[in-house]
There are 2 protein chains.
Amino acid sequence: MASLRIAVDAMGGDFGLRTTVPASIKSLKRCSDLHITLVGERASIENELKRHRRADLSRLEILHADDIVADDDKPSQSLRDKRASSMAVALEALRDGRVSAVVSAGNTGALMALSCMIVSRLPGVRRPAICAPIPSMHGHTYLLDLGANVDSDPANLYQFATMGQALSRVVDDLDSPRIALLNIGEELIKGTRSVQEAAALIAADEHLNYVGFIEGNALFSDRADVVVCDGFVGNIALKVCEGTASFIGRLLRERFHRGIYGRVAGLTMGPLFNAFHKKIDPRRYNGAALLGLQGVVVKSHGGAGVVGFSEAIKHASFSVRRDLPAMIAEQLAAHASSKD
Amino acid sequence: MASLRIAVDAMGGDFGLRTTVPASIKSLKRCSDLHITLVGERASIENELKRHRRADLSRLEILHADDIVADDDKPSQSLRDKRASSMAVALEALRDGRVSAVVSAGNTGALMALSCMIVSRLPGVRRPAICAPIPSMHGHTYLLDLGANVDSDPANLYQFATMGQALSRVVDDLDSPRIALLNIGEELIKGTRSVQEAAALIAADEHLNYVGFIEGNALFSDRADVVVCDGFVGNIALKVCEGTASFIGRLLRERFHRGIYGRVAGLTMGPLFNAFHKKIDPRRYNGAALLGLQGVVVKSHGGAGVVGFSEAIKHASFSVRRDLPAMIAEQLAAHASSKD
């Protein structure tokens, strides 16, 4: 396998260097042909690396960037004022072919805006989308868009379906992934005009295996491989899913510390709970793809720890090895030509 | 306490009479001053009642209705063609003062449309909303709208905040419930134009204790008493919450049947799991209020069983005793007069 270089936005996320540096070192250990470029303030990165004197740092380099993107920077502001930020400098390395992917846990809006400007969209892409897998009983379902766009017209939703199909084909090796639209009912009459019109567009495309509307409670039911919605709805759906899981976790832990049943169950539940958490924990199931760009850009959860951020790096490596952007471009071209 | 008569749409919901009849009998047993009018096809109801020969049926009467609202009836269709349905006949009994509330597990869109036409809106209400409590660590949070409207402008969202405040004051006895808007970030710059404008309207109203934007993962955090969103988003948020809880339940049950740890944990977990389910199960946490009408109308989950449907009846009784519609009217009038 050819060697692979990934740029890590070292300054992004809730924990910045305290997560990105150890996660990078962990990833280098795990994968012997991986090279990582840590992008950020050189002195701070070097200082953080002092904690890891015993690690093999031969496949790690630093690319200095003066500035950082703040969590409350507007996308427009990041385009104007943050061209010297670690995020922008990492994306420039991707554009120039010095790395094959960028991983960042920073401000999502800024990452999308800067990616569109610096890395550029694939030909024909109207709006890029953010897409992540959510776990289901027997696998996972890709949900998109997760917040790249706050509103999407039917043509956008239709293109999300096409890009989601490409992702599922490439990553999961499915021939004809099942595509559904997230809606407030399964009947044809339900939902907004936008969802109705998107359904008509998707259903009319013989290249897409459209299976209809799906409701929020059926996301985990293995009834679709790709679920399409606008970015506002998708972001809230994903976060409600995380919030519910963490709420249930807290409820259960509280019970485990109460009464004799709780304590006994708590003891025996330890190993089970770990296995269970591995499946549902968003920190492990981490790494959202920015789809529709001329390069691999992966967004990590802002609150991801070392394990989670390493997963996002792994996700990026995987997308590079399968050349996801080329596959999406091919898919879009096939759709476009079939409509000519 | 004065006696109370509630109309139950006996034909609605996934299980129809097999749920509504036993739930009504259970409710009558639980509450000695409750009277119930079962609305639906008389012969079928009488037939179902044969299963309950030993129950005291003295506070139960039947109101015949020929027709039923189907799950895929459009709201407009129900207004035109379903005036003889159990749902419409129950709402007419409410309008005429023969009952004080209606409980139905039928088609939500039809229930809302028929309620607006037959029971009428309170003065000043632009759009009614559906509102239900979702559980949190130390209580619950009211979420609205849950699907009465598929799109809502800022003025609608503002009025939902006012109605939600009234509900929280009446039901939870809170003086100044905290109001939040559901959004894809907490920063002021996040979200759609509609959410941004609604935030400005709500923040400017000194009668509302507005605490800002809240994200999907913070719904369970006890940081707000009322969370406002449009009906499309709210419906999906609620169903994702249900779906996640049921997915985790299935995962845990699967673990409990696997290996020695699982079996031991399964034995001890029994009592805990029951307590836990009581807190999170939407079938128990059942009963959504249709707010903004001149009467109490409660929507039960379509898939609710006997326990869940009884909860919805209890919810309706409670709202009648506290005269929720009058409280909402008062609240809306106060807001309107403060703006004059």
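**View 1. Aromatic pairs in the predicted model.** Over all chains, a search of the whole structure finds 2 aromatic pairs, where rings of Phe, Tyr and Trp (its six-membered ring) pair if their centres lie within 6.5 Å, and planes under 30 degrees apart count as stacked, over 60 as edge-to-face and the rest as tilted. The model is predicted, so that local features need pLDDT of at least 70 and side-chain atom pairs count only at pLDDT 80 or more, while totals for chains, interfaces and linings use all residues. Residues are numbered from 1 along each chain as its sequence is written, chains are lettered from A in the order in which they are written, and side-chain values use heavy atoms, with hydrogens and water left out.

**View 2. The stacked pair of A:Phe220 and B:Phe247.** The ring centres lie 5.2 Å apart, with 15° between the planes. This pair crosses between chains, from the loop between β8 (209-214) and β9 (226-228) of chain A, which holds A:Phe220, to helix α8 (residues 231-256) of chain B, which holds B:Phe247; helices (H or I, at least four residues) and strands (E, at least two) are DSSP runs, numbered from the N terminus.

**View 3. The stacked pair of A:Phe247 and B:Phe220.** Here the rings are 5.2 Å centre to centre, with 15° between the planes. Because A:Phe247 lies in helix α8 (residues 231-256) of chain A and B:Phe220 in the loop between β8 (209-214) and β9 (226-228) of chain B, the pair joins two chains. Both A:Phe247 and B:Phe220 are buried.

Technical notes:
Buried means under 20% relative accessible area, exposed over 50%, partly exposed in between (1.4 Å probe, protein chains only).
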